[in-house]
Amino acid sequence: MIVVGMISGTSMDGLDVAVADLSGAQTGDLVLRPLQARTWRWPESLRERLLALLPPSSTTVAEVAQLDELVGRSCAAAATAVVADVGGADLVVSHGQTVFHWVTDGRAEGTLQLGQPAPIVQATGLPVVSDLRARDIAAGGQGAPLAGTLDTLLLRGFGGPGTRAALNLGGIANVTVVPADGEPVAFDTGPANCLIDAAVTRITRGEASYDAGGAIAAAGTVREDLLDLLLAKPYYDLPAPKSTGRELFTTAYVEPYVAKVAPVADADLVATLVELTARTVGRALAPYDVDRLVVSGGGVHNPVLMAALERALGRVEVKTSDAVGLPADDKEAYLMALIGYLTWHQVPGVLPGMTGADQPRVLGRISLGDNPVHLPEPGVSPRTLTIGPPPVE
Ligand SMILES: Nc1ncnc2c1ncn2[C@@H]1O[C@H](COP(=O)(O)OP(=O)(O)O)[C@@H](O)[C@H]1O
Ligand SMILES: [Mg+2]
């Protein structure tokens, strides 16, 4: 089955799209053959409007309604282009843009992703799976991170014995840990790039939206006094399962501490925020005694962050997710394709215990396409995943 997976992460930098040929739902031995992956930058005005939704700003219902439709239309244009490129598809899976992840006292109560599926159905004629997090939250789960299902399958086959983990460095950082024996766990550790991006945008007065190649951070020095204050945030010590969004990691978190310490140079601030990401990931993984880690997400392109991470992790062997067959920039879009494929086969998209849901649930809702739908016989819970060879150019 040819499945298009699409997601815009918390960085709000653009839409990641991947097309996969998926099979094996009936046996549980899945095969994912990557066909194509690319990223559409959000149009600048759309990105600015999405970022402007973030707390502590307020917004209007009109703005939310318009962005819901505009994100849906952008997703529709991207889906149409890739479907034409690969010569047709069977299903589109659209995560949309998270704009609010509602967590109270460690419990996820709701989550909102913008991006209406209807324009995608209209443009492609295909059925669309969307709203992938709500069902898990309704079942008492965190609704995030969802990466655990794909990560667990990918990591099972990775290297020799020992504890393996996956880390995604998007706007927020999330990990999946697969112990040598015992159940896998997955949770958000805190910020990855979101605070760095916000600082760089302010420092460059909007000229840059991220620290390309880590150049600014490389010119700065970590301010341990500021870092200590930032590390006191209670979220970092909460037990798993836990999830968060950009609500908790805004300039309103950093600025009061910057005001408390001696003046902080711009580059030092960026260097400190990079170190904050590395240390909080290191602290989150420490109890698990990880042997090997695969990293994905845009953060892999920041060498200062990757070096800080290696220092914070000590003896852990660090590779990018390319080592398990999925390029670091594309893994999350393939994850969406996988989850939607499972939904189509009425198989839960999360593993037991992972998000804290009462039991694993089939994720998302299906918008019907132009042709009558005949859902396949329900599949079985996936046991193995093989990444098939990409198509020959
Ligand atoms: N060349 C680069 N140098 C430094 N950071 C980068 C680079 N490319 C991407 N990034 C970082 O990665 C982020 C995007 O990562 P991504 O995985 O797309 O996150 P999300 O899933 O939240 O959209 C950017 O906002 C930026 O902080
Ligand atoms: Mg992105």
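These legends describe close-up views of a predicted model.

**View 1. The interface of domain 1 and domain 2.** The domain assignment gives domain 1 as residues 2–147 + 328–387 and domain 2 as residues 160–324. Their centres, taken over C-alpha atoms, are 24 Å apart. Contact involves 24 residues of domain 1 and 33 residues of domain 2. About 2,200 Å² is buried between the two domains, 53% of it on carbon and sulfur atoms.

**View 2. The side of domain 1 that touches domain 2.** At least two residues of this side come from each of α1 (44–51), β4 (91–104) and α12 (331–344). The most come from β4, with 4 residues. By class, this side has 13 nonpolar, 6 polar and 5 charged residues.

**View 3. The salt bridge of Asp-131 and Arg-365.** The closest N and O atoms of this pair are 2.8 Å apart. Asp-131 is partly exposed at 23% relative accessible area, and Arg-365 is partly exposed at 49%.

**View 4. The salt bridge of Glu-275 and Arg-311.** The side chains meet at 3.4 Å, N to O. Glu-275 is in helix α10 and Arg-311 in helix α11, 36 residues apart. Glu-275 is buried, with 7% relative accessible area, whereas Arg-311 is exposed at 58%. Both belong to a network of salt bridges that also includes Glu-224 and Arg-279.

Conventions: Residues are numbered from 1 along each chain as its sequence is written. Chains are lettered from A and ligands numbered from 1 in the order in which they are written. This is a predicted model: local features need pLDDT of at least 70, side-chain atom pairs count only at pLDDT 80 or more; totals for chains, interfaces and linings use all residues. Side-chain values use heavy atoms; hydrogens and water are left out. Domain bounds come from an automatic or database domain assignment. Contact means heavy atoms within 4.5 Å. Buried area is the accessible area (1.4 Å probe) that two parts lose on being put together, summed over both. Ala, Val, Leu, Ile, Met, Phe, Trp, Tyr, Cys and Pro count as nonpolar, Asp, Glu, Lys and Arg as charged, and the others, Gly among them, as polar. A salt bridge is a side-chain nitrogen of Lys or Arg within 4 Å of a carboxyl oxygen of Asp or Glu. Buried means under 20% relative accessible area, exposed over 50%, partly exposed in between (1.4 Å probe, protein chains only).
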